Amino acid sequence: MTRLFCAGMCLFALAGCGGTGKPDALPSGGKVTFNKTTPPVGALVVFHPVDPTFEKRVGGKPFAKVKDDGTFALTTYTEGDGAPEGEYGVTIDWRLPAKENKTGFSLTEGSSGPAKLNPKYGNPQQPFTKVTVKKGDPNQFSFNVD
């Protein structure tokens, strides 16, 4: 009887360890255009949770890089999984690629050159727009930047 009780307690304890306590990510993304014509390929789109405690609970901010066709798919926990339900301020940062050194190798992969967008799009303290990711909605957002 004691063994059965211990086995039951172990299963109960293991069942409680399965969840992460983090909210599920909902498929979300969209499209970005530069001057209503060109996709800003490689631009970084970040969704900043309006509630700072929510960001701690999630463990970060949903983000994405703009693809060749201007679309983006947000990542929170795993690539392209989306964003948890909530309200977000949006920033977009598009920079020239970092300069390569004489060997043709860049120690700072990605974009650390000058910004190509108006600075108003990249200020996390004053995001240029707010959006809401909501369960049951398509959660596809379109942004035009200059």
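Predicted model: local features only at pLDDT ≥ 70, side-chain atom pairs only at ≥ 80, totals over all residues.
Entry 1: I began at V90, whose bridge partner in β8 is T129. I then looked to the other strand and found F47 opposite V90 in β7. Strands here are DSSP runs of E of at least two residues and helices are runs of H or I of at least four residues, both numbered from the N terminus. I counted two strands as paired if DSSP finds at least two bridges between them.

**Entry 2: basis of the notes.** Residues are numbered from 1 along each chain as its sequence is written, and side-chain values use heavy atoms, with hydrogens and water left out.

**Entry 3: the sheet as a whole.** I traced an open sheet of 4 strands in the order β4-β3-β7-β8, with antiparallel pairing. β4 (63-65) and β8 (129-133) are the edge strands; each has a single partner strand, so one side of each lacks a neighbour in the sheet. From one strand to the next, the twist averages 30° (axes are lines fitted to C-alpha atoms, and angles run from 0 to 180 degrees between N-to-C directions).

**Entry 4: the pairings of β7.** I found 6 bridges between β3 (residues 44-49) and β7 (residues 86-93), which run antiparallel. P49 has Y88 as its bridge partner in β7. With β8, β7 pairs in the antiparallel sense over 5 bridges. I also checked cover: 6 of the 8 residues of β7 are buried, that is, under 20% relative accessible area with a 1.4 Å probe, protein chains only.

**Entry 5: the whole protein.** I recorded 2 helices and 9 strands, in the sequence pattern α-β-β-β-α-β-β-β-β-β-β. Of the 146 residues, 31% count as buried. Among contacts (heavy atoms within 4.5 Å) between residues at least 6 apart in sequence, 65% join residues at least 24 apart.

**Entry 6: the largest pocket.** I took a pocket as an open set of points on a 1 Å grid where a 1.4 Å probe fits, with protein on both sides within 12 Å along at least five of seven lines; lining residues have an atom within 4 Å of a point. The largest pocket has a volume of about 170 Å³, counted as the space filled by probe spheres set on the points. Its lining consists of F63, A64, K65, K67, A73, T75, E79 and G80. β4 gives the most to this lining, with 3 residues.

Notes. Buried < 20%, exposed > 50% of the residue type's maximum accessible area, 1.4 Å probe, protein only.
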